[in-house]
Amino acid sequence: MHQILLYLHSWNRWLLLFLGFLFLVVSFYYKNNTVQKRSENILRLGYLIALDVQFLLGLLLYAIYSPEVKTAFADLTFAMKSGVLRFFALEHFFMAVLAMLFLHTGNYLSAKEENPIKARSLRLIFFSVAYLWVILTIPWPFREEIARPLWRF
Ligand code: HEM
């Protein structure tokens, strides 16, 4: 089960990055348009769902299956001194929570805004900041101590 969740969590990160990027490009392209486009709406939903799914998979790994997290919680003092254990037990989790907060807050605030151009600006700002947190929380292969593969086969 750990392997299945890890693969899904790894693959879904690409879907999340792809949908988030497309959303930002399309939304920026229509930034002065007073009509909410269908493509924007579909991409907004896709971005939100991909992050929610990523979060859920992460929670399952975190709470039940991940050996890294189990080792970290077995001895937190030791874990805080180890870059990799600290990353998966704390930093990765908190950065992902920040991404969720920005995405859902931006979605909520923009839904309440009646002016479509202001609503789009709100979405663009909040969704871009969420995207930055997503990029920062990923254990990219060049991040020496915490490096994970770009793609799992
Ligand atoms: C922005 C959302 C997130 C992204 C983009 C993301 C991305 C990733 C990636 C790329 C990996 C490495 C997978 C691999 O080894 O191939 C990973 C590992 C992991 N993630 Fe996330 N993650 C996110 C959210 C979360 C959340 C919210 C949690 C916990 C609640 C979490 C828990 C974990 C754990 C525990 C591992 C290590 C699993 C293991 O090696 O056993 N992730 N994450």
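Y29 is found in helix α1, and its C-alpha atom sits 20 Å from that of L16, 13 residues apart in sequence. This is a predicted model, in which local features need pLDDT of at least 70 and side-chain atom pairs count only at pLDDT 80 or more, while totals for chains, interfaces and linings use all residues. Residues are numbered from 1 along each chain as its sequence is written.

On to the overall layout. The chain holds 6 helices and 0 strands, where helices (H or I, at least four residues) and strands (E, at least two) are DSSP runs, numbered from the N terminus. Read from the N terminus, the elements go α-α-α-α-α-α. The C-alpha trace spans about 55 × 30 × 25 Å along its principal axes. Of the 153 residues, 25% count as buried. As for contacts (two residues whose C-beta atoms, placed from the backbone, lie within 7 Å), 65% of those between residues at least 6 apart in sequence join residues at least 24 apart.

Next comes the pairing of α5 with α6. Two packed helices are described by the angle between their axes and the distance between the axes. Helix α5 (residues 83-112) and helix α6 (residues 116-137) pack at about 170°, with axes 8 Å apart. The axes are lines fitted to C-alpha atoms, for helices over the stretch in contact, and angles run from 0 to 180 degrees between N-to-C directions. The two helices, α5 and α6, are therefore roughly antiparallel to each other, on a scale where angles over 145 degrees count as roughly antiparallel, under 35 as roughly parallel, 65 to 115 as roughly perpendicular and the rest as oblique. On the α5 side the contact includes H92, M95, A96, A99, F102 and L103, and on the α6 side it includes L122, R123, F126, F127, A130 and W133. The residues of this α5 and α6 contact divide into 16 nonpolar, 5 polar and 1 charged; Ala, Val, Leu, Ile, Met, Phe, Trp, Tyr, Cys and Pro count as nonpolar, Asp, Glu, Lys and Arg as charged, and the others, Gly among them, as polar.

Y47, leaving aside neighbours within four places in sequence, is in contact with L19, G20, F23 and F127.

The ligand has 27 residues around it, with S10, G58, Y62, S66 and A96 coming nearest; a residue is near a molecule or strand if its C-beta atom, placed from the backbone, lies within 6 Å of it. Two or more residues of this shell come from each of α1 (2-29), α2 (38-65), α3 (67-74), α5 and α6. Helix α2 provides the largest share, 6 residues. By type, the shell around the ligand divides into 16 nonpolar, 7 polar and 4 charged.

R120 lies in helix α6 and counts as buried, with 22 C-beta neighbours inside 10 Å. Beyond neighbours within four places in sequence, R120 is in contact with S27 and K31. Its C-alpha atom is 9.2 Å from that of N33, although R120 and N33 are 87 residues apart in sequence. L132, also placed in helix α6, is partly exposed, with 13 other C-beta atoms within 10 Å; the C-alpha atoms of L132 and V69, 63 residues apart along the chain, are separated by 24 Å. I49 is found in helix α2 and counts as partly exposed, with 13 C-beta neighbours inside 10 Å. Between the C-alpha atoms of I49 and L19, 30 residues apart along the chain, the separation is 9.8 Å.

Key. A residue is buried if 20 or more other C-beta atoms lie within 10 Å of its own, exposed if 12 or fewer, and partly exposed in between; C-beta atoms are placed from the backbone.
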